[in-house]
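This briefing goes through helix packing, the nonpolar core and a few individual residues. Please keep the sequence and the structure open alongside the text while reading.

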Amino acid sequence: MIFDYEYFKREVLKLTGINLSCYKEAQMKRRIDSLISKYKIEGYEKYVVCLKTDRRMFEEFINHITINVSEFYRDIDQWKVLEEKAIPELIQRFGKNLKVWSAACSTGDEPYSLVMAMSRHLPLSNIRVYATDVDRQIIEMAKKGVYPEKSIAAVPADLRRRYFRQTGTEYKIADEIKARVEFREHNLLKDAYPIGCHLVVCRNVMIYFTEEVKDQVYRKFCNSLVTGGLLFVGASEQIINHKEIGYFRKSAFYYQKAL
């Protein structure tokens with residue numbers, strides 16, 4: 001048997017359910033090779049053995065390949081559009097009980113930001129955000145809701161005073177915000193998508209996928225949305241064939257399911 005990268009991808013799929021073929025190979029292979037080098041492991045075969053036998057190394061691997069980079073109100077100007085235009089429009093069209101999905105939510109910064117942004121327009125009791133990620137370890141971190149100061153730097157001052165409590169060098173988000181988010185494990189590449197969503201947020205994740213996989217995921221998001229619902233993407237992400245899929249482009253980072 002040849003213990004090359006193709007072998008490694010097959011073993012990872014069996015171990016984790018994560019299909020590395022869906023990711024841009026050069027970027028992903030570089031990330032994996034850096035881990036192998038860190039532990040001075042000789043080749044993919046021995047690294048697979050380590051992943052099967054060392055829980056700590058396995059969890060580090062999952063965390064590393066799922067690219068968990070997040071912060072509250074990332075790209076603040078985009079969040080202003082969400083807060084000042086998108087959310088009021090959605091409330092006007094669909095009412096106060098919006099179904100919101102934060103896909104690939106990482107450490108929870110994004111879904112908690114969504115709750116705070118929506119709290120400008122709705123009572124907290126009306127807000128429910130469904131937040132998912134493929135990394136179980138990261139979901140557990142998100143549920144705790146504890147962050148370094150750097151992560152919350154962009155949070156508007158009034159929301160920061162109202163919903164965060166400093167504990168040493170870290171900040172804990174208020175339980176009333178945490179209570180509005182439901183976290184679940186979910187793999188965008190293989191699991192069924194929720195339906196009936198009014199807003200889907202998936203930001204700075206698609207840049208790591210191949211073009212073919214991007215197309216598949218954007219189509220599934222479109223199916224998740226109700227007619228007139230919105231998809232909120234990252235600053236550097238564009239849906240080139242958005243009309244073909246069934247989106248109307250409202251701005252560089254907001255796409256509406258065509259009416």
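The contact between α1 and α3 is made by Tyr-5, Tyr-7, Phe-8, Glu-11 and Leu-15 on the α1 side and by Tyr-44, Glu-45, Tyr-47, Val-48, Leu-51 and Lys-52 on the α3 side. By class, the residues of this contact comprise eight nonpolar, no polar and three charged. The model described here is predicted, and the points below are grouped by topic.

- Helix α1 covers residues 5-16 and helix α3 covers residues 43-53, and their axes come within 10 Å of each other while crossing at roughly 10°.
- Because angles under 35 degrees count as roughly parallel, α1 and α3 are roughly parallel to each other, and the crossing in which α1 passes α3 is right-handed.
- Helix α3 also packs against helix α4 (residues 55-65), where the two axes come within 6 Å and cross at roughly 110°, so that α3 and α4 are roughly perpendicular to each other.
- On the α3 side this second contact draws on Tyr-47, Cys-50, Leu-51 and Thr-53, while α4 contributes Arg-55, Met-57, Phe-58 and Phe-61.
- The residues of the contact of α3 with α4 fall into six nonpolar, one polar and one charged.
- Tyr-47 and Leu-51 of α3 take part in the contact with α1 and are also listed in the contact with α4.

**Packing of α5 and α6**

- The axes of helix α5 (residues 76-94) and helix α6 (residues 109-118) come within 10 Å and cross at roughly 45°, which makes α5 oblique to α6.
- The crossing of α5 and α6 is right-handed, and the residues that meet are Trp-79, Leu-82, Glu-83 and Ile-87 from α5 with Glu-110, Ser-113, Leu-114, Ala-117 and Met-118 from α6.
- Sorted by class, the contact of α5 with α6 holds six nonpolar, one polar and two charged residues.
- Helix α6 is mostly covered, with 10 of its 10 residues buried; the buried residues include the charged Asp-109 and Glu-110, and Pro-111, Tyr-112 and Val-115 are among the others.

**The largest nonpolar core**

- In soluble globular proteins, nonpolar side chains tend to be buried together.
- The largest nonpolar core has 87 residues, of which Phe-8, Ile-32 and Phe-221 touch the most other members.
- Phe-8 is also one of the α1 residues that meet α3.
- Leaving aside residues up to four places away in sequence, Phe-221 touches Trp-101, Ala-103, Leu-188, Tyr-193, Val-200, Cys-202, Leu-231 and Tyr-247.

**Two individual residues**

- Lys-29 lies in helix α2 (residues 25-38) and counts as partly exposed because its relative accessibility is 28%, a value between the cut-offs of 20% and 50%.
- With residues up to four places away in sequence left out, Lys-29 touches Tyr-5 and Tyr-44, and these two tyrosines are also listed in the contact of α1 with α3.
- Lys-29 and Ile-65 are separated by 36 residues in sequence, whereas their C-alpha atoms are 9.5 Å apart in space.
- His-242 is found in helix α11 (residues 242-245) and is buried, since its relative accessible area of 13% falls under the 20% cut-off.
- His-242 touches Tyr-247, Arg-249 and Tyr-255, again not counting residues up to four places away in sequence, and Tyr-247 is also touched by Phe-221.

Notes
Residues are numbered from 1 along each chain as its sequence is written. This is a predicted model: local features need pLDDT of at least 70, side-chain atom pairs count only at pLDDT 80 or more; totals for chains, interfaces and linings use all residues. Side-chain values use heavy atoms; hydrogens and water are left out. A nonpolar core is a set of buried Ala, Val, Leu, Ile, Met, Phe, Trp, Tyr and Cys residues joined through side-chain atoms within 4.5 Å. Buried means under 20% relative accessible area, exposed over 50%, partly exposed in between (1.4 Å probe, protein chains only). Contact means heavy atoms within 4.5 Å. Axes are lines fitted to C-alpha atoms, for helices over the stretch in contact, and angles run from 0 to 180 degrees between N-to-C directions. Helices (H or I, at least four residues) and strands (E, at least two) are DSSP runs, numbered from the N terminus. Angles under 35 degrees count as roughly parallel, over 145 as roughly antiparallel, 65 to 115 as roughly perpendicular and the rest as oblique. A crossing is left-handed if the near helix is turned anticlockwise from the far one by less than a right angle, and right-handed if clockwise.
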